[in-house]
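Here are my notes on the model you sent over. Keep the structure open while you read, and go through the points in order.

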Amino acid sequence: MIRLLLAVLLLAQQPPATQQPPAAQIDEKKLYPLGPDSQRQEGVPKGEVTKWTWKSNVFAKTERDCWTYVPAQYDKEKPAAVMVFQDGGGYVNETGQHRVPIVFDNLIHKKKMPVTIGIFLQPGNFPPEKEGDKPRSNRSFEYDTLSDQYARMVIDEILPEVGKTCNLSKDPRDRALCGISSGGICAFTVAWERPDQFSKVLSHVGSFTNIRGGHDYEARIRKTKPVKPIKVFLQDGSNDLDNEHGNWPLANQQMYASLKYMKYDVKFVFGEGKHSGVHGGAILPESLEWLWSDRVEKQ
């Protein structure tokens with residue numbers, strides 16, 4: 001009993017355990033505001049956006065919303081560059097985080113990127129199995145799987161469909177892909193699988209984690225020779241996700257390290273943002289300028 005009392009007295013005399021202060025809340029919109037190239041500017045010609053739907057054969061029984069952006073400077077006699085956006089509904093939204101049509105209008109007008117057709121693709125949905133059910137999304141299977149399946153849909157289905165009305169360049173140096181989160185790894189996978197068709201990748205908070213094996217890329221890149229003719233822009237933030245699939249900031253740093261080690265043409269902008277499009281949207285104009293710099297010189 002005496003020993004027990006002494007133990008209680010000793011514990012009572014111990015200073016309280018040091019508590020860690022709560023993590024600082026990040027106000028991304030204040031940290032990464034949109035610049036002038038993400039705003040409508042007087043005197044800048046406005047491109048045209050058209051919405052359409054597509055039923056895929058590669059992903060049988062799926063249907064997806066799609067949009068095509070055609071810049072005012074487009075000349076049907078001249079093959080135009082093309083950029084394909086995954087999760088396209090967010091990218092094409094002129095009041096969203098990326099506002100791609102506005103950014104394209106401004107950069108094309110200033111000749112900081114080539115005349116470029118934008119193709120915006122939503123993930124496929126399966127129709128409801130019975131009345132009252134909601135459509136079932138095929139997003140993770142399409143975006144996170146490491147295979148050539150999504151590339152085949154884009155190359156064999158989407159580009160020919162858009163090519164019916166637009167003169168698209170067949171030079172892979174004039175073809176780019178972009179996506180956010182799982183759409184980011186999807187964009188990389190298409191170029192990795194088919195560098196003969198696409199040479200440019202822009203990834204926002206890319207999911208290079210083990211959702212469906214994406215963590216393998218950092219090792220696969222180092223062991224694959226020869227180096228593929230692709231150019232890659234990566235964006236991520238220190239407050240990105242950390243969950244059972246992996247740590248997004250670490251995964252993106254590993255991707256950059258592997259691409260840099262293998263001497264790929266790669267740029268990585270690492271900030272403080274979360275798993276969102278705020279930071280990527282704020283730097284979208286400079287990202288596109290860097291990505292297209294080799295083709296602007298050819299104009």
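1. The chain has 11 helices and 12 strands. Helices here are DSSP runs of H or I with at least four residues, strands are runs of E with at least two, and both are numbered from the N terminus. Bear in mind that this is a predicted model, in which local features need pLDDT of at least 70 and side-chain atom pairs count only at pLDDT 80 or more, while totals for chains, interfaces and linings use all residues. Residues are numbered from 1 along each chain as its sequence is written, and side-chain values use heavy atoms, with hydrogens and water left out.

2. Now the overall numbers. Along the principal axes, the C-alpha atoms fill a box of roughly 95 × 50 × 45 Å. Of the 299 residues, 49% count as buried; buried means under 20% relative accessible area, exposed means over 50%, and partly exposed is in between (1.4 Å probe, protein chains only). The chain exposes about 15300 Å², with carbon and sulfur atoms supplying 52% of that area. Such areas come from the Shrake-Rupley method with a 1.4 Å probe, and for residues only the protein chains shown count as cover.

3. Next, contacts, meaning heavy atoms within 4.5 Å. Take the contacts between residues at least 6 apart in sequence: 77% of them join residues at least 24 apart.

4. Have a look at strand 8, residues 200-204. Why is it described as largely enclosed by the rest of the structure? Because five of its five residues are buried. In a regular strand, side chains alternate between the two faces of the sheet. In strand 8 both faces are covered: Lys200, Leu202 and His204 are buried on one side, and Val201 and Ser203 are buried on the other.

5. Which strands does strand 8 pair with? Strand 7 (residues 175-180) pairs with strand 8 in the parallel sense, over five bridges. Strand 9 (residues 231-237) also runs parallel to strand 8, and five bridges join these two. Pairing requires that DSSP finds at least two bridges between the strands.

6. Strand 7, helix 7 (residues 182-193) and strand 8 form a right-handed β-α-β unit. Strand 8, helix 8 and strand 9 form a right-handed β-α-β unit too. Right-handed means that, with the strands pointing away from you, the path from the first strand over the helix to the second runs clockwise.

7. Leucine 202 sits in strand 8 and counts as buried because its relative accessibility is 0%. Leaving out residues up to four places away in sequence, leucine 202 touches Met83, Leu177, Cys178, Gly179, Phe233, Leu284, Ser287, Leu288 and Leu291.

8. Is serine 207 buried or exposed? Serine 207 is in the loop between strand 8 and helix 8 (217-223), and at 1% relative accessibility it counts as buried. Its side chain makes a polar contact of 3.0 Å with the side chain of tryptophan 248. A polar contact is a pair of N or O atoms within 3.5 Å; within protein, one must be able to donate a hydrogen and the other to accept it, and residues adjacent in sequence count only if both atoms are side-chain atoms. The residues that serine 207 touches include Asp144, Ser182 and His275.

9. The side chain of serine 182 makes a polar contact of 2.8 Å with the side chain of aspartate 144. Among the residues serine 182 touches are Arg139, Tyr143 and Ser207.

10. Finally, some backbone details to check. Serine 181, in the loop between strand 7 and helix 7, has a positive phi of about 60° although it is not a glycine. Valine 205, in the loop between strand 8 and helix 8, has a positive phi of about 40° and is not a glycine either. The peptide bond from lysine 225 to proline 226 is cis, with omega near 0°, and proline 226 is in the loop between helix 8 and strand 9.
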